Amino acid sequence: MPGSAGGAGSSTVPPMSTADTDQANASAADQAGQKAGAVVQAEIEKKIESSKLSQAIDIHGYKLKEIPAAVWSIRGLRRLLLQNNLIEVVPEQIGVLTDLTVLYLQENRLSDLPAEVGLLTELNTLAAHCNRIRYLPREIGLCASLQVLTLNENCLVDTPIELGDCRRLKTIEL
């Protein structure tokens, strides 16, 4: 028919409302976020797997809320770099990483460290500045190899007297 816009068999789609557009955008964002999350998860798993050879895991800046469980099964791990995430708790399992020499926990959301940190007798660097830590466990004094301890920009109320047992401590930032 002359003058008709659609012609035979065409259908018109009503325009989307603002609410429909917002919902579609949110759905697309959720899907993109899930896809990005899956990519990040795969990348972290790859880093953890490769750490078995390198003895180091660097998973900083991934906005992790917790330390991946696979970390606890890696024997011989020397360096664990977890800075600049959203981690709120270091679980007791940290104590199984007895070969750890470097532990970076700065710029997370930690309010304390577990007593099991004292089992890390090879630890020479513990960076936990820019968190919300109020107290250190007394067991920190068992970290006989500790040379560098950074705890500035926390909410420390007190430090345990046992920190004096860390005879190799050269640098301490409170």
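Leu105 counts as buried, at 1% relative accessibility. Buried here means under 20% relative accessible area, exposed means over 50%, and partly exposed lies in between, with a 1.4 Å probe and protein chains only. The model is a predicted one: local features need pLDDT of at least 70, side-chain atom pairs count only at pLDDT 80 or more, and totals for chains, interfaces and linings use all residues. Residues are numbered from 1 along each chain as its sequence is written, and side-chain values use heavy atoms, with hydrogens and water left out.

Stay with Leu105. This residue sits in the loop between β3 (102-104) and β4 (125-127). Helices (H or I, at least four residues) and strands (E, at least two) are DSSP runs, numbered from the N terminus. What surrounds Leu105, leaving aside its neighbours within four places in sequence? Its contacts (heavy atoms within 4.5 Å) are Leu82, Gln83, Val90, Leu110, Leu113, Leu126, Ala127, Ala128 and Asn131. Ala128 is 23 residues from Leu105 in sequence, yet their C-alpha atoms are 4.7 Å apart in space.

Now the whole chain. The protein has one helix and six strands. Along the sequence they follow the pattern α-β-β-β-β-β-β. Of the 174 residues, 34% are buried. Take the contacts between residues at least 6 apart in sequence: 18% of them join residues at least 24 apart. The accessible surface comes to about 10500 Å², and carbon and sulfur atoms hold 51% of that. These areas come from the Shrake-Rupley method with a 1.4 Å probe; for residues, only the protein chains shown count as cover.

The interior comes next. A nonpolar core is a set of buried Ala, Val, Leu, Ile, Met, Phe, Trp, Tyr and Cys residues joined through side-chain atoms within 4.5 Å. The largest such core has 36 residues. Which residues have the most contacts inside it? They are Leu80 and Ile94. Neighbours within four places in sequence aside, Leu80 is in contact with Ile57, Val71, Ile94, Leu97, Leu100, Val102, Leu103 and Tyr104.

Most residues other than glycine have a negative phi. Gln55 is not a glycine, but its phi is positive, at about 65°. Gln55 lies in the loop between α1 (18-54) and β1 (56-58). Its relative accessibility is 38%, so Gln55 counts as partly exposed. Asn84 also has a positive phi, near 60°, in a residue other than glycine. Asn84 belongs to the loop between β2 (79-81) and β3. With a relative accessible area of 40%, Asn84 is partly exposed.

Another asparagine, Asn154, is found in the loop between β5 and β6. Is Asn154 buried or exposed? Its 17% relative accessibility is why Asn154 counts as buried. The Asn154 side chain reaches two backbone nitrogens: that of Asn131 at 3.2 Å and that of Ile133 at 2.9 Å. Setting aside neighbours within four places in sequence, Asn154 is in contact with Ala128, His129, Cys130, Asn131, Arg132 and Ile133.

Leu142 occupies the loop between β4 and β5. Beyond its neighbours within four places in sequence, Leu142 is in contact with Gly118 and Thr121. Leu142 and Glu122 are 20 residues apart along the chain, and 10.0 Å separates their C-alpha atoms.

Charged pairs are next. Side chains of opposite charge can pair when their charged atoms come close. A salt bridge is a side-chain nitrogen of Lys or Arg within 4 Å of a carboxyl oxygen of Asp or Glu. How many does a search of the whole structure find? It finds one salt bridge. Arg138 forms it with Glu162, and the closest N and O atoms are 3.5 Å apart. The pair links distant parts of the chain, 24 residues apart: Arg138 is in the loop between β4 and β5 (148-150), Glu162 in the loop between β5 and β6 (171-173). Arg138 is exposed, with a relative accessible area of 56%, while Glu162 counts as partly exposed at 22% relative accessibility.

Last, the cysteines. A disulfide is a covalent bond between the sulfur atoms of two cysteines. Here the cut-off is a pair of cysteine sulfur atoms within 2.5 Å. The structure holds zero disulfides. Cys143 counts as buried, at 0% relative accessibility. Cys155 counts as partly exposed, at 40%.

How values were computed. Polar contact = N/O pair within 3.5 Å; in protein donor to acceptor, adjacent residues only side chain to side chain.
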